[in-house]
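Colleague: I would like to learn how to read a few features of a model, one at a time. Could you take me through them slowly?

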Amino acid sequence: MPPATCPTPQLLWVRIAALLFTCVAFSVAAHGAYLPHGGMADWCIFCWAFSFACTLLVLLVEQFSLQAQALVSWSNFPITVACYAALLCLSASVIFPVFYLKDMLFYNSIRDYRITSTVFSCLAAVAYMAELTLTKARPGEISGYMATAPGLLKVCQTFVACIIFILVSNPVSYDSNPALQWCMAVYCICFIISMAIVVMCVGECTGRLPVPFSKFLSAYGLLAVLMYFTATIIWPIFQFDRRYQGRGHASSKQIAVAVLTALNFLLYLADLAYSARLVFVSG
């Protein structure tokens, strides 16, 4: 793995801004937004608190120059955190106003608190995207795998899969037909392997594989594309066709799962293209 470098002043200020924005977002929401317990409120609070805690950890390690003592690859860990935080804050920025600002009839102070959390959540998402722009690998630059396009795609794939899991589990919408159970198996298998790749890269365990890492990525990418291709076709057919479901319309969650399945198929297809190029160029 390439050695970790000290953050530039620009990167440092971007991380401090992200830290402050997430802190304000969850502090204001917890203090005066009067959110219900459970459901999407807890998800949004988790998004902001998790992002804040991970960013604080990155800042402390780098300011005290503890990268060498860290148990993870410091060329992979910060950008992985930034990518997940960007996706989490972006999801909270969409979910929070939809659930807790739309058609709201609360007192002005409660509405102001919720608007403030939404604004700072959007600012945090922008800050994390700026961090990704500053830390992603440039052409010809030696960097960790997670700083490359395939590494960032792995993060996006696992995040989209998590959203799919949430949508299909409440209520359960995959147990009525073996074909839908196959789609669920596709989501689970690809999520587990993609997350394992992320963990191996962050933990510097890729050298322990019995085959070269680049060839493993290419083979898995092809398998994932084929599996997601079947799920992209099967899910809408068995969810929306009256011959299989006996109902005339689909719920918004089922439509969202179909869209996210197609999105993940495109992400895996792009990942396969990058991985195949890596194999042929290095070979």
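Colleague: Leaving aside its neighbours within four places in sequence, which residues is Thr118 in contact with?

Modeller: A word on the source comes before the reply: this is a predicted model, in which local features need pLDDT of at least 70 and side-chain atom pairs count only at pLDDT 80 or more, while totals for chains, interfaces and linings use all residues. Residues are numbered from 1 along each chain as its sequence is written, and side-chain values use heavy atoms, with hydrogens and water left out. Contact means heavy atoms within 4.5 Å, and, setting aside neighbours within four places in sequence, Thr118 touches Ser93, Phe96, Pro97 and Leu101 in that sense. Thr118 lies in helix H4, where helices (H or I, at least four residues) and strands (E, at least two) are DSSP runs numbered from the N terminus.

Colleague: Is Thr118 buried or exposed?

Modeller: Buried means under 20% relative accessible area, exposed means over 50%, and partly exposed is in between, with a 1.4 Å probe and protein chains only. Thr118 counts as buried because its relative accessibility is 11%. Ala124, which is also found in helix H4, is buried at 0%, and, neighbours within four places in sequence aside, Ala124 is in contact with Phe21, Thr22 and Cys89.

Colleague: How far apart in space are Ala124 and Trp48, C-alpha to C-alpha?

Modeller: Separation along the chain and separation in space are read side by side. Ala124 and Trp48 are 76 residues apart in sequence, and their C-alpha atoms are 8.7 Å apart. For Ser143 and Ser75, the sequence separation is 68 residues and the C-alpha distance is 6.6 Å. Ser143 sits in the loop between helix H4 (108–135) and helix H5 (149–169), and Ser143 is partly exposed, with a relative accessible area of 24%.

Colleague: How many disulfides does a search of the whole structure find?

Modeller: A disulfide is a covalent bond between the sulfur atoms of two cysteines. The search looks for a pair of cysteine sulfur atoms within 2.5 Å, and over the whole structure it finds 0 disulfides. Cys83, for one, is in no disulfide, the nearest cysteine sulfur being that of Cys156, 4.6 Å away. Cys83 is buried, with a relative accessible area of 4%, and Cys183 is buried at 0%.

Colleague: Where is Leu56 found, and is Leu56 buried or partly exposed?

Modeller: Leu56 belongs to helix H2 (residues 40–63), and Leu56 is partly exposed because its relative accessible area is 32%.
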